[in-house]
Amino acid sequence: MAIIVNLDVMMAKRKISAGDLAEKIGITPANLSILKNNKAKAIRFSTLEEICRVLECQPGDVLEYADGR
């Protein structure tokens, strides 16, 4: 997949656990794990917005495009 989720990097920078982040953004820890491990096929803008709000970051801090050629 060409989109890489760097959620674990931002979580480490902000010193927040997966459980705390999941609770604050309103998703299950299992769904957060899917996002963190690059297994998600999509992400809702509302979820991305909450992630950015809680982690005080921009979408580009969490998502990265890598040319998969």
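This is a predicted model: local features need pLDDT of at least 70, side-chain atom pairs count only at pLDDT 80 or more; totals for chains, interfaces and linings use all residues.

Student: Is Thr47 buried or exposed?

Tutor: Buried means under 20% relative accessible area, exposed over 50%, and partly exposed in between, using a 1.4 Å probe and protein chains only. Thr47 has 13% relative accessibility, so Thr47 counts as buried. Its place is in helix 4; helices are DSSP runs of H or I with at least four residues, numbered from the N terminus.

Student: Which residues have the most contacts inside the largest nonpolar core?

Tutor: In soluble globular proteins, nonpolar side chains tend to be buried together. A nonpolar core is a set of buried Ala, Val, Leu, Ile, Met, Phe, Trp, Tyr and Cys residues joined through side-chain atoms within 4.5 Å. Here the largest such core has 18 residues, and Leu7, Leu21, Ile51, Leu55 and Val62 have the most contacts inside it. At least two core residues come from each of helix 1 (7–14), helix 2 (18–25), helix 3 (29–36) and helix 4 (45–55). Helix 4 gives the largest share, five residues.

Student: At what angle do helix 2 and helix 4 pack?

Tutor: Axes are lines fitted to C-alpha atoms, for helices over the stretch in contact, and angles run from 0 to 180 degrees between N-to-C directions. Helix 2 and helix 4 pack at about 120°, with their axes 9 Å apart. Helix 2 is therefore oblique to helix 4; angles under 35 degrees count as roughly parallel, over 145 as roughly antiparallel, 65 to 115 as roughly perpendicular and the rest as oblique. Leu21, Lys24 and Ile25 of helix 2 meet Glu50, Ile51, Arg53, Val54 and Leu55 of helix 4 in this contact.

Student: Where does Lys15 lie?

Tutor: Lys15 lies in the loop between helix 1 and helix 2. Although not a glycine, Lys15 has a positive phi of about 55°. Lys15 is exposed, with a relative accessible area of 77%.

Methods:
Residues are numbered from 1 along each chain as its sequence is written. Side-chain values use heavy atoms; hydrogens and water are left out. Contact means heavy atoms within 4.5 Å.
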